[in-house]
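Please look at the sequence and the structure first.

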Amino acid sequence: MIVCVAVVGHQNNPLYIQSFTDADDALKLHHIVHCSLDVVDERVNNPKKSGPTLNETFLGLLYPTENYNVYGYLTNTKVKFILVTTDLDVRDADVRNAHHKQNQHHV
Amino acid sequence: MEEYPEELRSPPVALVSLVGCSEQHGAITTHLLSQQPPINTLALPDFSKLTHLLQQSSSSSSPVGFLKKDWLVKHRTKIPAVVAALFSWDHVSGDPAQWVQVCSDLDDLKAAIRPRNTKLLLLVVVGKSEGISEDRLIALRKRAEVDSKYLLLYNPDPSQLDNSLQRLSASFAELGATFYKEEGRRIKARIENKNFSTRDLQVRYCFKVAVYAEFRRDWAEALRFYEDAYHALREMVGTSTRLPPIQRLFEIKAVAEQLHFKICALFLHGGKLNEAVTWFSQHVGSYKSLVGAPEVIFLHWEWLSRQFLVFAELLDSSSATLPSASSQPLDTADQLLTEWEFHPAYYYQSAAQYLKEKKSALELAVSNAETFNENDDGCAEYVVPSLYIGQFSRLLEQGDDSAMQSITDDEFTRYVIAEGKRFQDSFEIIALLRKCNELYSNRKAQRMGSLCAFQIAREYFSLGDYSNAKQFFDGVANLYRQEGWVTLLWEVLGYLRECSRKQGAIKEFVEFSLQMAALPVSIVDSIQSSKCSPVGPASLEQRELIYREIFALISREARPESFNGLGDFKVTGDNTLHLEIDLVSPLRSVLLASVAFHEQIIKSGVSSLITISLLSQLPLSIEIDQLEVQFNQSQCNFIITNAQIHPLEAVQGEQHDHRMESAPSLALVTNKWLRLTYDIKSEQSGKLECISIIAKMGPHFTICCRAESPASMDDLPLWKFENCVETFPTKDPALSFSGQKAAHVEEPDPQVDVTLGASGPALVGERFLIPVTITSRGHAIHAGEMKINLVDVKGGGLFSPRESEPLSLETHHVELLGIVGPELEDESQKFSDKIMKIQQSFGLVSVPSLKIGESWSCKLEIMWHRPKPIMLFVSLSYSPISYESNSQKVDVHKTLQIEGKDAVSVCQHFMLPFRRDSLLLSKIKLAPDSNQFSSLALHESTVLVVSVKNCCEVTLQLLSMAIKADDGGTERSCSIQHGNEDLGTAVLVPGEEFKKVFSVIPNLDSSKLRLGVVHLKWRRHCGIEDKSSLAAIDSEVVTEYKLPDVHVELPPIIVTLECPPYAILGDPFIYHVKIRNQTELLQEVKFSSADSHSFMLSGSHSDTVFVLPRSEHFLCYKVVPLVSGLQQLPRISLTSVKYSARFQPSIASSNVFVLPSKLHCKTAGIKEKRVEGPTVAD
């Protein structure tokens, strides 16, 4: 289940954050999304370390936390989509599709 | 990891024992320890000790735990795999009594090691030169029942020692491996045959097999059996009933922890990073849900935290030896791993997280325990760790004996809670997070680092260490502020605000509160969470609440009941609150001041407009009492009061240093510019800049806001992403884009005239006067200073000599000689105390004070050394007001271009005396065009004509002309004769030429004779009309002209033509040609005469004559003129054979005028007269 969706601007400023969980976790999800930007930065700066190919906008699983998995998607305009899920084994393709749809809506 | 015993943390090392001949033990022990793999040695001095050591403890019938706590340490330090019995050869080969003792020792030893299956090695220590008897050795071996290869001779002699030790260590290694293998195999057989009563034993057996494999360094088998043990243990979670449930789970987790540690260590030791990480996540996954009883749930979190910590430390310590995570394939078969899972920081962070869980769970448990067990019997004091890992029991003391008794879960719970209370988890959490923060920082993951810093700060906050907390919160707030994470910033600011409140720092408390109140938190993205921050959830209502709280605090209003905790804060007369907001302050969104001058350049003393705009993002409108606008020119400062609060009349009644203005309202509405436009007037030229705006709210609260230019104003960092109406700070949008907070104030227009009254060109050499007149029209002149500068018109700066003219005598081509004071005033009085500084191209003179309408004049004296135009700059700087040093100065500038010209040009030429020619060899030899020097004949008179031409536009009067020696030598080398030096009143109009004739007789044979310098004195000819405009001082000017050097030589032959001054047609006359030989040699001279149609000639036509030394030869012709008029006599040409020089008297010298008839005057004596004196020839 997706618990949080975030759109982050190219200056790493939050453009939109929506969490689908109780309020107590919302702040935690803010922190998770904010921290995931470090992983995005690292993936972008060291493309060799990341699994997917260079031109791929879908960054895949960024990092796992104790309860959540964080996925990232980087558009050409350096806008980032961050998705936090509770399912620890999600198929990559599903997340990728979700991100693509999100990007289309965003555009 | 440090809390694990050493035997668990390091791989086991084989243990052997040495008995007997203790003097040899040291060398052997050292050698074995240095082996690879090393072997530990248990050195025993005599055989009885070993017997005691190997005594087997009585094993209990049924196991009450999985693993005995001391089993591992026992096998590493007490139970040797091999026992080496050392016998001295003296004893072995000695008398029967000694041999019997050896046999007895051996038997005891055999009996002791048999139950444990310990291997035996015999070592016979031999001396240097002892003969070895094979019989005794065989007897010994048989007695000991060992193979022949396990009986070794040990020779401590240095030459043999190495050999002995090598053989010894090889045997030890072999026997040791055999022992551990057999032991392992023995226990493995029990597992395979399922020869165990309970499953507890299966775990134990697997563990033991794995440890024996580790002793043999068979890592693969060790890993396999540790994994088997681990899995068997996991299966027992629901099945074991040996202990009460809480203690059962505790024990299983404790054993699982050790097994897991061994497995991970083996994975990492083998470089299998992926496997280790995967194993860890499986381990955590499989035990995470085994929370256990709610009252001891903190044990679970503690255990989980420890798992993460230990794994983090394992990763950390192995990261140096292992390849980095980046080179590892990230995808394993069934699970996707991210690079962060290979980073120790991730695990440290989780460890801290779980430790926090533990802390809060423990606090809950403690409070529960205190509630329900008020009458605690203190039984926890006697609970001690039991013999088995993960078990606790009660220690019963009965006299000297003690016994263990199992405890109930309740007792266990009480014990662990009591134990838990002893530790301060906060410090542990902070240490973990600090470590984590450091690792993230090294990896440049600043956001993760910040999260750690935030957690550290919260921990400090909960501990009550507010200064440390604040330090960390500050750093985190900066990052969130920079990236615009408002909700997170709200939370941090909330903590910072609480820290300030707790510390009683009112200024910071107000600052943080205002920052929070001005955060762009709207209803849309607010989080209604109670965990948000100590202040409450980020929402508009909360912002308003904070705002009200602050303004209630700073105003005199009664404090609402809900704002407790502020009791200590007082903002009173002694305790005013002053906030500073600069260009980078986070408080800019609280109050932003934009100041724009309507004009960029304003006249001094002329009023202009200035707009002051204020913006606030506080949720409610603010009422400002008074605004003070401060400029760099403090006299321009003014104060704007709120007419609603202080009516202007009341304000004006008071005494104020500054201008007072009143505004109808000074209410700042959220996100709406408050625009105030006022007049501004400056009397001082230069930059006028608005520095700051000080807003006063309430009696004791001021905010000083640095003024910003609308043109260069940055957006509010947090608000720029918000969807709010954007307005301009000024009404005129153009001013919002170009407005500046500073303007340039021009200096007042000068009301003083400076006149430079020079006329006409200046002449080189004269002292040229330029009258300067300063006339005051509307300003009085105080502290006036006049600067004079001479600048080359063509550029190139001042008039220094060029490099191309190194011999220039004057250092400057144009020189400012001085300044002549006012004509009408006494110079000695006026100039005595004034600055006057004259350099060659620069002058500075002070101007006396003048009242309005007065004037003052002086004259600049400038001399040109070279003809060239110059630019004269005159600047007058004065103060129109008074002598005050800081008063405004006014400058007047004037320039004038003045041409400098040569007055006269001087040239000269030489002429020979009439009808007298000297043969000058140098003239003949030289090419005609290379006439560098004029050649003069020695001791012969030569005519020098000096001509002076007026080449300027002014009529000149020549006063005198003379040739003077430029050094003392001229008198000797030549004599110059001329008429009177004084020329009387020779007036030279422009373009006219004047000539003067000199006679020069060189006295010295010289190739380069200096003739001297022509000194020409002249002055401007002042006609009647010029008298009024006196341009130069009426004095003589001397122009010098250096005559060119001449070549002087002795002519060998001088030819003189002698004939009457005129002839009469048909009247014959005698024509002599006198050839004088000046040399000491006989001269052969050829001559020839040309025919002339005008004359009849008698005499030699051509011949060769010889002229004796220092004598003369005359050629005599009788001539009859045939034609009247100016006629040319037959020309005689002469050739000196000796010098191969041909020369002919000039045509002019052989002309004679023939009269048609005789004159009626006396002509006698003409023949005798010679042309001698100087004549003016035009």
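A nonpolar core is a set of buried Ala, Val, Leu, Ile, Met, Phe, Trp, Tyr and Cys residues joined through C-beta atoms within 7 Å. A residue is buried if 20 or more other C-beta atoms lie within 10 Å of its own, exposed if 12 or fewer, and partly exposed in between, with C-beta atoms placed from the backbone. The model is predicted, so local features need pLDDT of at least 70 and side-chain atom pairs count only at pLDDT 80 or more, while totals for chains, interfaces and linings use all residues. Residues are numbered from 1 along each chain as its sequence is written, and chains are lettered from A and ligands numbered from 1 in the order in which they are written.

The largest nonpolar core has 236 residues, and B:Ala85, B:Ala229, B:Ala457 and B:Val492 have the most contacts inside it. Helix 11 (residues 245-269) of chain B gives this core its largest share, 13 residues. Another core, of 78 residues, lies apart from it and includes B:Ala903 and B:Leu1057.

Chain B has 26 helices and 54 strands; helices (H or I, at least four residues) and strands (E, at least two) are DSSP runs, numbered from the N terminus. Of its 1178 residues, 37% count as buried.

Helix 15 (residues 409-421) of chain B has 13 residues and reaches 18 Å from its first C-alpha to its last. Its buried residues include B:Phe412, B:Val416 and B:Ile417. Helix 11 of chain B and helix 15 of chain B pack at an angle of about 55°, with their axes 8 Å apart. Axes are lines fitted to C-alpha atoms, for helices over the stretch in contact, and angles run from 0 to 180 degrees between N-to-C directions. The angle makes helix 11 of chain B oblique to helix 15 of chain B; under 35 degrees counts as roughly parallel, over 145 as roughly antiparallel, 65 to 115 as roughly perpendicular and the rest as oblique.

B:Ala517 lies in helix 20 (residues 506-517) of chain B. B:Ala517 counts as buried because it has 26 C-beta neighbours inside 10 Å. The C-alpha atoms of B:Ala517 and B:Leu618 are separated by 5.7 Å, although the two are 101 residues apart along the chain.

| Helix of chain B | Residues |
|---|---|
| Helix 11 | residues 245-269 |
| Helix 15 | residues 409-421 |
| Helix 20 | residues 506-517 |

Note on methods
Expected span 1.5 Å × (residues − 1).
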